[in-house]
Each structure stands twice: as structure tokens, then as C-alpha cells.
Amino acid sequence: MIEAFDLHKSYGPAHRAVHALRGLSVSLRTGTVTGLLGPNGAGKSTSIRLLTGRLIADRGTVTIAGRDINREPARARASIGYLPESAPLYPEMTPAGYLAHRAALSGMPRRGRSRAIAATLSRCDIADVRRRRIGTLSKGYRQRVALAAALIHDPPVLILDEPTTGLDPAQVAQLRALIEELARDRTVLLSSHVLAEVEQTCDRILIIAGGELRADGTPDELATRAAQDRPAIYHAEYRAGASRLSDLRNLPGITEADETDLPADYRRITLRAEPGTPDLREPIAAALVGCVVRELTRQRPTLEDAFAQLSGGAPIARRTPPRSAKHEPAATS
Amino acid sequence: MSAALALARRELSSLLRTPAGWIIAALYAFLTTAVFALRTLDPGQPASMRFFFATAASLLAVVMPAVSMRLLAEEARAGTLEPLLTSPASHGSIIVGKFAGVLAYTALMLLPTLALVVTLIAVSDRAPDPGPIIAGYLSLMLVAALYLALGTLTSACTSSQTLAFLAAFLIAVGHLIGTAQLAPRLPEPASSWIAASAINPRVADFARGIIDLKHVAFFIIWTAWLLVLATVALARRRITP
């Protein structure tokens, strides 16, 4: 549904041009939610602007629902529902009036507009403020009005830039459910700085950095890729008459081992294995036979780690409380 | 067409819903009424609105840039240009729609001045000839269209309303001064060329009741040309944000 091939875009005069995008090629299918990630200045906004037809690429092509955005701009853009990052709206208008305006702009036939407006107001949960001025609405309501405007003409392609900005947790969950519902028969591209949101909502993730596509895969695939280049870390808590540190230290692939005493005769051991070492939970469990083991986990890289590694940048903001990594429970205890 | 109509409606309703629209209209009404009261309601003079139309047309050089300055500059500043430029509406229909909206506002802004015509009829011994009055109002709409098109162009070139206003204002007022004061002092053929582009003599002809098609064509062609340039300026925003 969205096809981009070899997109290049630079800004400024030729002698000191800033290359915002260098050869981006992606193909996004119907029925998927794709997340677009990248550090600031990576080329995310430029990518979105090229995909929506807001900007013209220096080189390359964009096809939306089979229509080239430069050759058939009106038809291609009619297939897009776009929610810009700042959710720009006209403060003096009402949500109902604004949706009617956007419906007319998108070329919707006059007949059926009223029904579409009522349905979209209800779908985005803004029917109760339909007659209030947008300028008097809260940020969450305004965000939902902007989302409703992107949906009013029932487009097959949705491009959402930071769609959860200003929403409370309940509204974020509602929006996630709405995106999942919409994605059943649409192509959804979602750009966000909130990794947890992307991880929970998206089937596929694109990581852009330095104007280039650095990674493309499912959240699990990206985390696995990150894991290949990072040491695996294991934690175990056990109770035994004597320390098993020396046995565990001698397991193949272990590079570091530390042990600390815990209350009630328990010990906590942390093991660090070489990158690429197969899962060591079973050998660790075997070495702890005869002990009371109350925890054995392998620390897996998160999407945040994958992002930092694949984009070459610092981790970006989380919405969930800080947690250093995901833990997989032990297969045995 | 549907997009242009939607944009025209939005522009008009936006000006009618915001204080700026009412302040501009009130200011114009006040100034034109003052001119009418001081110069047209002169006892013993013939019942004519010539001076009123000449002054009202000149005032448009200041007022129309204020009306049109926000058309695209404000959209760019507020970010609402994003949904507009990613909608199926063409650049031409965006420009025409916005221009039509402010032109409709201008027509409404001129409406209260009809009270001045009624006043003149009421206080005159001999009712004024309707021909020059109708032609005078036609000239005001044509002049307003020209200045609005100029303002649309400057607004399409920048994201700053202030710059858009200043550019349109300086060009419009500079042209008025240049054609009136500079042209007679220049050698031929520059003098003739500049004089040929003058607005005030054309308005004066309209106010005498002469609807010269050459004058009408002058305003329509220049307005259309400026709108084409505004369309090109808007299209350039797809090359750089």
C-alpha cells in the first residue's frame, strides 16, 4: 500500500546542502502497523513528509495505494489520512465544523458527509464536544479531533506522527485498540518517541538514522539482533550450604561472575556470557542441582537497547517506569 | 471546486469569528465615514461620491494587506499548512479558495458604506446619479481584488504575517506614490509605462460612471497574474518546508 523507492532529500543550497534522507526504500503492506523510529534529526519527519506528499523528493518515487504521489498527487493524497505531529487545528472552529471542512477538502461527496462525521466523532470519542470551540478543548481532545480529521474520509493509508501526545493512559489504550482495529484493512505508519508504545502497537519497526534505514523487522527480531552483539546476563538466587560460584564461573562462555549474600542464607549470582553464546539457563540450573533456586533469569535486550545499538544514538524517552531490561524466567528451577 | 469552496467558507467564517476581522472592518468603516462626513457632506457641493471612492480605494492599499497577511503565512506558522498540503486539494484551488474567502469578506466590509449612499440621497436636494455609484463600488471591488491577490502572494512567500503585511503594504503604497509622484518626473518612455499602471486614474474614471473594459481587464489580468505567482510560491513549499 505504501511503496517508497530510493528516496533522497536534501535541504539548502547545493554547496552546503544538508542530506536529510539518503536512499530510503520501504514497502508497507495492508494489515500491518509499522513503527518509524529514529533519533532527532534522523530523517523521520522528512520521510513522513515525502510519504504524505507534503514535500517532493529530490530523487526516488512514492506510491500510495498504487498511485504515484508526483504523477497523480490528488488521487494518491486522497488515500492518505495524516495526523501531523503537532495536531494542527483551527481554534475558532468546532470539531464538527472542522471535520466537515476536512471532508470537503478531501473531496468526499456531499451526500454521506453528515453520517461520516457522526461516525468519526463517535469513533474518536469526541461527540460530546462536537459543538465546542477547538481552542477551548484540552490537549487530549484536540489530539483526538486531529485524529478524527485524518480518519474522516476513510483512507486506506494512515500516517500518524506522535499520535498519543497529550493523551492520558486510558486514552492511549483506547487509541491503541483503535489503531489495531483500523490496521485490519489499512496500512498504518506510526512515528513515535515512546518505544513502549511502538513495541506494543507495531508489527514491524523501521529504524532510521543519519537519513538511512538502519533496521527493519519485528520488535522481537530487532531485539534478537541487538542480543547478538551484546553479552548475555543471567541472574540466579539460590540457597545452598556452600557457594556454587566456582562451578558457575567455569561454564563455557561465562566471562564474569559475581555473588552477593542475601538474607535467609540466599545468595544472588550474576553471570555475564560472551555475545552469541547459546542460552545457558539449563547448564546453570544443572550446576545448581541440590540447591533451593527461587530465581533464574536471562536478561534480554529490549527494543530500547536495539534502538540505541541500531540507530547509533542515545535511547529515547520511555513512557513506562524505567526498567533496565526484560527478564525471561528460568525454564527449570 | 469543492475544496476551493470549503476553503473560501472557512476563510470567511474565520474572519467573522475572530476579533481581527471585526476590528479591520470597523476601522475601514470609521475612516471612510470620516472622509465622507468631512469631504462629501459639504453644503452647496453637488451630490457626488467621487472623493469618497478615491479615498476608499487608497485606503484599501493599507487594509487589504492586513486582511490577506494571514492567509498562508499563519497556516505555515500554526502548522495547519501540513494537512492542507497533504490533502487532495491542488495548489490552485487552495489559492483561489482562500482568495475568494477574503474577497467575500471585503464585499461584506464594504456593505456598511451603503449607509453613506443612503445618507447622501437623504440630504441632497437632487439625488445623486446611481451610475457612478455602482461603477464606484465595482472599482472598489476590483482594487480590493488586486491588493488581496498581492497580499495572497506575499503571504504565500513567508511564514511571518508581519512580513507578509509589510511586503504587500509597501508594494501597494509604493505603487500608489510612484505612479502619482514619480511618473511625471521621469523621462519618456518610463513615465508613460509607470503612469499606465496607475490605479487612481482608473478609479476616478469609474467614479465618474465610466466602466471602461480596458480598466476592468487591467484589474482582472493583474489579479489573475498575482494569483498564479502565489500558486507557484505555494508549490515551492513542497521543495523546502
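Mentor: The account below treats the interface, with a short note on backbone geometry at the end.

This is a predicted model, in which local features need pLDDT of at least 70 and side-chain atom pairs count only at pLDDT 80 or more, while totals for chains, interfaces and linings use all residues. Residues are numbered from 1 along each chain as its sequence is written, chains are lettered from A and ligands numbered from 1 in the order in which they are written, and side-chain values use heavy atoms, with hydrogens and water left out.

The model scores ipTM 0.87 and pTM 0.84.

The contact (heavy atoms within 4.5 Å) draws 26 residues from chain A and 25 residues from chain B. Between them, the two chains bury about 2500 Å², of which 56% is on carbon and sulfur atoms; buried area is the accessible area (1.4 Å probe) that two parts lose on being put together, summed over both. On the side of chain B, the most area is lost to chain A by Glu82(B), Pro88(B) and Arg238(B), together 26% of what that side buries.

Glu82(B) also takes part in a salt bridge, its side chain meeting that of Arg54(A) at 3.0 Å, N to O. The term denotes a side-chain nitrogen of Lys or Arg within 4 Å of a carboxyl oxygen of Asp or Glu, and the rule finds three salt bridges across the interface of chain B and chain A.

Helix 1 (2–17), helix 4 (70–78) and helix 5 (81–85) of chain B are the elements that give two or more residues to the side touching chain A; helices here are DSSP runs (H or I, at least four residues) and strands likewise (E, at least two), numbered from the N terminus. Helix 1 of chain B supplies the largest share, seven residues. By residue class, the side of chain B that touches chain A comprises eleven nonpolar, eight polar and six charged residues. Ala, Val, Leu, Ile, Met, Phe, Trp, Tyr, Cys and Pro count as nonpolar, Asp, Glu, Lys and Arg as charged, and the others, Gly among them, as polar.

Finally, the backbone: Glu188(B) and Pro189(B) are joined by a cis peptide bond, with omega about 5 degrees. Pro189(B) is placed in the loop between helix 9 (161–182) and helix 10 (190–196) of chain B.
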